[in-house]
Amino acid sequence: MAGISHQKQVNMRVIFRNYDKDSDGFICVKDLTNVFKELGEEISDEELKEYIRNTGLNNRPNTTVSYEKFQQLSQQILRETKRERRLKRVFQEFDVEKKGYIEAQGIKRVLRRLNIDHTESDIDLMIKMADTKGDGRVDFDEFIQIFGESDFM
């Protein structure tokens with residue numbers, strides 16, 4: 001697997017086999033969170049569900065995953081850095097309705113929750129500064145442009 005060290009690949013195979021109780025070459029989706037924890041990857045259930053969907057699997061607990069699908073899933077997860085996953089979680093806090101972009105309502109909600117005083121013009125300015133596409137909202141790529149390079153995260 002490109003980009004994954006030989007030692008990590010060996011660890012993946014050993015851990016996969018430990019969860020493959022009947023040695024049929026499959027593990028249950030419900031075990032994946034623990035498998036990734038053993039690999040040193042802290043991943044939330046929500047994030048894992050998204051990766052599972054992107055791999056073409058369903059997330060029912062009795063769904064089984066072959067080693068090949070597990071490798072595909074692992075490559076996706078290991079490619080993203082912990083910083084990127086943290087940025088994605090922060091973005092999702094603002095993306096109230098899970099539309100894939102941030103609107104004024106999401107910013108207001110987060111600022112209220114953090115007890116940060118703000119005005120409508122503050123919110124408008126935040127969006128205007130981040131909205132490089134000029135569509136009145138901030139998508140994940142625009143969000144990354146602001147926070148991805150900073151030491152804020």
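The exercises below work through the overall build of one chain in a predicted model.

Residues are numbered from 1 along each chain as its sequence is written. Local features need pLDDT of at least 70, side-chain atom pairs count only at pLDDT 80 or more, totals for chains, interfaces and linings use all residues, and side-chain values use heavy atoms, without hydrogens and water.

**Exercise 1.** State how many helices and strands the chain has, and their order.

Solution. Take helices (H or I, at least four residues) and strands (E, at least two) as DSSP runs, numbered from the N terminus. This gives eight helices and four strands. Read from the N terminus, their order is α-β-α-α-β-α-α-β-α-α-β-α.

**Exercise 2.** Compare the radius of gyration with the globule rule.

Solution. Along the principal axes, the C-alpha atoms fill a box of roughly 60 × 30 × 30 Å.

**Exercise 3.** Locate the domains and find the separation of their centres.

Solution. The bounds come from an automatic or database domain assignment. Domain 1 covers 6-81 and domain 2 covers 95-149. Over C-alpha atoms, the centres of domain 1 and domain 2 are 33 Å apart.

**Exercise 4.** Determine what share of the residues is buried.

Solution. Count residues under 20% relative accessible area (1.4 Å probe, protein chains only) as buried. They make up 35% of the 153 residues.

Note on methods: Rg over C-alpha atoms; globule rule 2.2 N^0.38 Å. Buried < 20%, exposed > 50% of the residue type's maximum accessible area, 1.4 Å probe, protein only.
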